[in-house]
Amino acid sequence: MFQEVTFSFREINFSVIGQYVDYLVKEQGVKNIFVNGTTGEGLSLSISERRRVAEEWVTKGRNKLDQVVIHVGALSLKESQELAQHAAEIGADGIAVIAPFFLKPWNKDVLINFLKEVAAAAPALPFYYYHIPALTGVKIRAEEVLDGIQEKIPTFQGLKFSDTDLLDFGQCVDQNRQRQFAFLFGVDEQLLSALVMGATGAVGSTYNYLGKKTNQMLEAFERKDFSSALNHQFCIQRFINFVVKLGFGVSQTKAIMTLVSGIPMGPPRLPLQKASREFTDNAEAKLRSLDFLSFNDLKDGNLEACS
Ligand SMILES: CC(=O)N[C@@H]([C@@H](O)[C@H](O)[C@H](O)CO)[C@@H](O)CC(=O)C(=O)O
């Protein structure tokens with residue numbers, strides 16, 4: 001499972017990244033990190049900030065984390081290449097790239113040409129395509145992108161799929177069974193369905209605070225205890241369904257991360273707005289009622305508790 005976080009007060013608070021690494025490893029059982037993606041507001045950071053965040057995660061994660069993958073996507077090919085090269089220099093374990101989203105690629109070949117140029121800037125690093133059409137507006141199906149991609153991008157390692165189209169995801173897996181690709185699923189509330197289809201891992205915002213819970217689901221799935229796995233998925237869904245109705249996005253994720261970890265994440269950066277106090281209070285009450293927060297005085301007789 002990968003994970004991704006950036007700390008932005010008005011300026012980024014780099015000093016808590018080391019502490020957060022320890023928290024993720026010890027409290028959430030998360031040892032793979034995805035840096036500067038959506039949750040980390042990577043596209044809202046300057047290039048020098050992105051470099052520094054990446055350095056911090058790689059350095060503080062040394063001998064503690066299994067893998068640190070850096071998202072290096074940008075609108076400017078040159079900036080993306082610079083970040084890719086930098087990721088290689090600092091010893092990251094891989095790079096990921098989203099489709100450029102202002103002047104957009106209009107077909108698969110154009111998109112691959114862009115990705116290929118970025119990958120070539122870090123020829124020794126495993127390369128992941130980060131498919132997140134709802135945010136990029138680039139709707140080219142991942143299945144098409146993967147078709148023949150290794151011939152164009154020899155370092156291609158896998159797909160980070162942040163979309164609810166399970167037909168597309170399933171076909172990505174089915175059509176590449178002979179290849180050793182990683183299929184990392186990015187819709188946390190649907191992870192179990194993706195596991196059934198062949199997901200090999202997950203990258204998502206909720207693993208910051210539901211990592212342990214999600215690991216229980218992964219373990220149940222591994223031992224083929226599908227009934228338990230489904231119970232875990234439903235519990236996770238109950239929480240996500242609740243916060244989605246309140247209005248849920250990157251800002252709200254940060255507030256929950258602060259609440260659960262006790263480590264200050266700070267507000268998001270404009271144009272995002274800090275989550276309201278009302279949201280945080282409601283989310284906290286729900287986490288407690290589901291028994292996702294351990295210091296729980298509702299435990300006895302709490303019918304909703306999930307553990
Ligand atoms: C649009 C969005 O933020 N999607 C999240 C999900 O984890 C999402 O928050 C979760 O499934 C709740 O809907 C991830 O796919 C994003 C992600 O992995 C990242 O931070 O790069």
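Author: A salt bridge is counted when a side-chain nitrogen of Lys or Arg lies within 4 Å of a carboxyl oxygen of Asp or Glu. Please keep in mind that this is a predicted model. Here the side chains of Asp-22 and Lys-64 meet in such a salt bridge, with 3.0 Å from N to O. The pair joins distant parts of the chain, since Asp-22 belongs to helix H1 (residues 17-28) and Lys-64 to the loop between H2 and S2, 42 residues apart.

Reader: Which residue forms a salt bridge with Glu-41, and where in the chain do the two partners lie?

Author: The partner of Glu-41 is Lys-254, and their closest N and O atoms are 2.2 Å apart. Glu-41 sits in the loop between strand S1 (32-35) and H2, whereas Lys-254 sits in helix H12 (residues 250-261), so that this pair, 213 residues apart, also links distant parts of the chain. Both Glu-41 and Lys-254 are buried.

Reader: How many salt bridges does a search of the whole structure find, and which residues are linked in a network?

Author: The search finds 12 salt bridges, and a network of them links Arg-141, Glu-143, Asp-165 and Asp-168.

Reader: How should I read a cavity, and what lines the second largest cavity?

Author: A cavity is a space where a 1.4 Å probe fits but cannot get out. The structure holds 2 cavities of 30 Å³ or more, and about 40 Å³ of space lies in the second largest cavity. The lining of this cavity consists of Asn-36, Arg-50, Ala-54, Ile-70, His-71, Val-72, Leu-83 and His-86, with helix H2 (47-61), strand S2 (67-71) and helix H3 (77-90) each giving two or more residues.

Reader: Which residues form a nonpolar patch on the surface?

Author: The patch is formed by Leu-75, Phe-102 and Leu-103, which together have about 390 Å² of accessible area. Phe-102 lies in the loop between strand S3 (94-98) and helix H4 (108-120), and counts as exposed because its relative accessible area is 65%.

Definitions and conventions. Residues are numbered from 1 along each chain as its sequence is written. This is a predicted model: local features need pLDDT of at least 70, side-chain atom pairs count only at pLDDT 80 or more; totals for chains, interfaces and linings use all residues. Side-chain values use heavy atoms; hydrogens and water are left out. Patches are made of residues with over 30% relative accessible area and no salt bridge: like charges are joined within 9 Å, nonpolar side chains (Val, Leu, Ile, Met, Phe, Trp, Tyr) within 5 Å. Accessible areas come from the Shrake-Rupley method with a 1.4 Å probe; for residues, only the protein chains shown count as cover. Helices (H or I, at least four residues) and strands (E, at least two) are DSSP runs, numbered from the N terminus. Buried means under 20% relative accessible area, exposed over 50%, partly exposed in between (1.4 Å probe, protein chains only). On a 1 Å grid over the protein atoms alone, a cavity is a set of points where a 1.4 Å probe fits but cannot get out, and a pocket is an open set with protein on both sides within 12 Å along at least five of seven lines; lining residues have an atom within 4 Å of a point. Grid points are joined across faces, edges and corners, and a volume is the space filled by probe spheres set on the points.
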